[in-house]
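Let us read a protein model together, one question at a time.

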Amino acid sequence: MKHFNYTFYRLYRFYGRKDDLPQLSASAIIAVLQLLNIMVVFFFVLNYTSITISKTIVVLFALMLVILNYWRYLKFRNYQQLKEKYKNETFKVQKKRKIYILVYIFLSFFLVFFLSFLKHNLKVI
């Protein structure tokens with residue numbers, strides 16, 4: 001959860017300068033990243049078992065993740081608490097964590113697209 005907390009904090013800071021609802025934007029992005037990670041796991045489960053999941057279930061699950069993340073960061077771990085926690089972060093640590101977040105975001109999207117490409121275009125999986 002620390003990783004998601006820090007990612008939320010940085011996304012909130014980023015969208016706070018551009019958006020009227022930075023909490024909703026940051027929560028939605030966290031939910032998308034979580035959904036992408038779950039999709040990678042489901043990809044293997046669905047390809048090697050006879051389980052099927054409808055698109056409606058996936059959409060409902062995604063909406064549930066957005067709502068749960070929004071509620072979590074509204075009630076339990078709000079931006080001010082995270083700001084206080086990370087206020088003494090050095091520039092070097094901040095830069096290192098920013099790179100980690102960008103790599104995480106890239107890999108989350110890349111893995112889903114790469115696995116889909118392998119399955120549908122190359123029929124490898």
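**Reading the model**

At 11% relative accessibility, Leu 65 counts as buried.

Q: What does "buried" mean here?
A: Buried means under 20% relative accessible area, exposed means over 50%, and partly exposed lies in between (1.4 Å probe, protein chains only). The 11% of Leu 65 is therefore in the buried class. Of the 125 residues of the chain, 30% count as buried.

Q: What should I know about the model before going on?
A: It is a predicted model, where local features need pLDDT of at least 70 and side-chain atom pairs count only at pLDDT 80 or more, while totals for chains, interfaces and linings use all residues. Residues are numbered from 1 along each chain as its sequence is written, and side-chain values use heavy atoms, with hydrogens and water left out.

Q: How many helices and strands are in the chain?
A: Helices (H or I, at least four residues) and strands (E, at least two) are DSSP runs, numbered from the N terminus. This chain has five helices and zero strands, so its elements read α-α-α-α-α from the N terminus on. Its C-alpha trace spans about 50 × 30 × 25 Å along the principal axes.

Q: Where is Leu 65, and what separates it from Ile 30?
A: Leu 65 sits in helix H3. Leu 65 and Ile 30 are 35 residues apart along the chain, and 8.6 Å separates their C-alpha atoms.

Q: How do H2 and H3 pack?
A: For a packing angle, axes are lines fitted to C-alpha atoms, for helices over the stretch in contact, and angles run from 0 to 180 degrees between N-to-C directions. H2 and H3 pack at about 130 degrees, and their axes are 8 Å apart.

Q: Which word describes that angle?
A: Angles under 35 degrees count as roughly parallel, over 145 as roughly antiparallel, 65 to 115 as roughly perpendicular, and the rest as oblique. H2 and H3 are therefore oblique to each other.

Q: Which residues make the nonpolar surface patch?
A: Patches are made of residues with over 30% relative accessible area and no salt bridge; like charges are joined within 9 Å, and nonpolar side chains (Val, Leu, Ile, Met, Phe, Trp, Tyr) within 5 Å. Accessible areas come from the Shrake-Rupley method with a 1.4 Å probe, and for residues only the protein chains shown count as cover. Here Val 41, Phe 42, Val 45, Leu 46, Ile 51, Ile 53, Ile 57 and Val 58 form a nonpolar patch of about 600 Å². Helix H2 (22–48) and helix H3 (55–76) are the elements that give two or more residues to the patch. The largest share, four residues, comes from H2.

Q: Where are Val 45 and Ile 51?
A: Val 45 is in helix H2 and is partly exposed, with a relative accessible area of 33%. Ile 51 lies in the loop between H2 and H3, and its 46% relative accessibility makes it partly exposed.

Q: How many salt bridges does a search of the whole structure find?
A: A salt bridge is a side-chain nitrogen of Lys or Arg within 4 Å of a carboxyl oxygen of Asp or Glu. The search of the whole structure finds two. Glu 84 pairs with Lys 87 in a salt bridge, with the closest N and O atoms 2.8 Å apart. Arg 97 and Glu 89 also meet in a salt bridge, at 2.9 Å, N to O.

Q: Is Glu 89 buried or exposed?
A: Glu 89 is buried, with a relative accessible area of 16%.
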